[in-house]
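Here is a guided walk through a structure. Keep the sequence and the 3D view side by side as you read.

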Amino acid sequence: MWAALRSRSSSLHPWKQGIAVPPGLNPTAFSSSSFTTAATTNKAFLSLQEIKKVLNDVRADDVKVLSVPNMHADWADYVVLATGRSTWHVKNIAQALIYKAKQKQKGVDRKVLPSVEGQEEGKWIVIDSGKIIVHALDEKAREYYNLEGLWTTETSQKEPNPELEKAFVKIRPKNNSKKPVQKVA
Amino acid sequence: MRTVLKVVDNSGAKKVMCIQALKGKKCAKLGDTIVASVKEAHPNGKVKKGKVVYGVVVHAAMRCGRCNGSEVKFDDNVVVLVDKQGQPIGTRVFGLVPHELRKKKHVKILTLAEHIA
């Protein structure tokens, strides 16, 4: 049991250390050797240039790359947004990225694939490969969720929370009781 | 069952009562999906009172263990409304969101959230 605990603590926040772990897989299932190979060779995870190339080939519209500092700093470095013209196109974008990841890992015993969400309905597909997260949306979904608005306005302003400031101010409690106030000797 | 949860996105609902926990016989924990019925709603929102919706639990008063040995526990039970395919109904999620959701494949809610623990 102690051995199991030790291995769990060694995988402390793997996404913070820059060793990206695809979230679909259980990190404790990996042995330590496969962890280091994944980190050193970094075969599994697509770099920004490769993703841009794949999106160009698939002809995705309006590709935007946002580096996400401040807010979501711990869990990702880059967020890529892409639009598809139809649900089939959006699904195709996802398939192409996974295919690229598979190709990159030819010859490795254990393939590590990025996790995909929303595959059945082609409205918004998220491909999470650790450091880089790709969002493939269709036009309606992009308008509806307005992700650029969310991130660009968020990183610019970080206004002080007024409630938080009030919470730390000491307020003298009001004495509404009929008893006379006991004077402290 | 019958747990009243707060709703923390801008889908229009305010309070929601759990009808069924989709995974697990006993309870739904952090990151699980539940079926719920809307008990209180904002007057002009996307969901109305009495509607049956799906939701993802983002705060749970029951503690959740992390892989580094620490445990996370919130003071309230909070849910984010989602449709059957897992797409969030609202466009923004307010408050804190734990990153257990990433492992459970709810990255969409994490992207819409304003703060991640």
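How many aromatic pairs does a search of the whole structure find over all chains? The model is a predicted one. In it, the search over all chains finds two aromatic pairs.

Take the pair A:W124 and A:Y145. Their ring centres are 4.7 Å apart and their planes meet at 45 degrees, so this pair counts as tilted. A:W124 sits in strand β4 of chain A, and A:Y145 in helix α5 (residues 139–145) of chain A. The pair therefore ties together parts that lie 21 residues apart in sequence. Both A:W124 and A:Y145 are buried.

The other pair is made by A:Y144 and A:Y145. This one is edge-to-face, with 4.9 Å from centre to centre and 70 degrees between the planes. Ring pairs link A:W124, A:Y144 and A:Y145 into a cluster.

A:W124 also has a polar partner. The side chain of A:H135 makes a polar contact with the side chain of A:W124, at 3.1 Å. A:H135 is located in strand β5 of chain A. A:H135 has a relative accessible area of 0%, so A:H135 is buried. What does A:H135 touch, leaving aside its neighbours within four places in sequence? The list includes A:V79, A:V80, A:L81 and A:A82. A:W124, A:I125 and A:V126 are also among the contacts of A:H135. So are A:L147 and A:W151, and from chain B there is B:T111.

Now step back to chain A as a whole. Its secondary structure comes to seven helices and five strands. From the N terminus on, the order is α-α-α-β-β-α-β-β-β-α-α-α. Of the 185 residues in chain A, 38% are buried. Take the contacts in chain A between residues at least 6 apart in sequence: 59% of them join residues at least 24 apart.

Strands of a sheet pair through backbone hydrogen bonds, in either the parallel or the antiparallel sense. β1(A) and β2(A) run antiparallel and are joined by five bridges. One spot to look at is A:S67, whose bridge partner in β2(A) is A:Y78.

Look at α4(A) in detail. Helix α4 (residues 87–104) of chain A has 18 residues. Its first and last C-alpha are 26 Å apart, close to the 26 Å expected at 1.5 Å a residue. Which residues of α4(A) are buried? They are A:H89, A:V90, A:I93, A:A94, A:L97, A:I98 and A:A101. An α-helix has 3.6 residues a turn, so residues three or four places apart point the same way. The buried residues of α4(A) pack against α3 (48–58), β2 (78–84), β3 (115–117), β4 (124–129) and β5 (132–138) of chain A.

Further along chain A, find A:T152 in helix α6 (residues 147–156). A:T152 has a relative accessible area of 45%, so A:T152 counts as partly exposed. A:T152 and A:L66 are 86 residues apart along the chain, yet 8.8 Å separates their C-alpha atoms.

Finally, turn to chain B. Strand β2 (residues 13–21) of chain B runs antiparallel to strand β3 (residues 33–41) of chain B, and seven bridges join them. Here B:Q20 has B:V35 in β3(B) as its bridge partner. β3(B) also pairs with strand β4 (residues 52–59) of chain B, in the antiparallel sense and over five bridges. In that pairing, B:I34 stands opposite B:G55 in β4(B).

Methods
Residues are numbered from 1 along each chain as its sequence is written. Chains are lettered from A and ligands numbered from 1 in the order in which they are written. This is a predicted model: local features need pLDDT of at least 70, side-chain atom pairs count only at pLDDT 80 or more; totals for chains, interfaces and linings use all residues. Side-chain values use heavy atoms; hydrogens and water are left out. Helices (H or I, at least four residues) and strands (E, at least two) are DSSP runs, numbered from the N terminus. The expected span of a helix is 1.5 Å times one less than its number of residues. Buried means under 20% relative accessible area, exposed over 50%, partly exposed in between (1.4 Å probe, protein chains only). Contact means heavy atoms within 4.5 Å. Two strands pair if DSSP finds at least two bridges between them. Rings of Phe, Tyr and Trp (its six-membered ring) pair if their centres lie within 6.5 Å; planes under 30 degrees apart count as stacked, over 60 as edge-to-face and the rest as tilted. A polar contact is a pair of N or O atoms within 3.5 Å; within protein, one must be able to donate a hydrogen and the other to accept it, and residues adjacent in sequence count only if both atoms are side-chain atoms.
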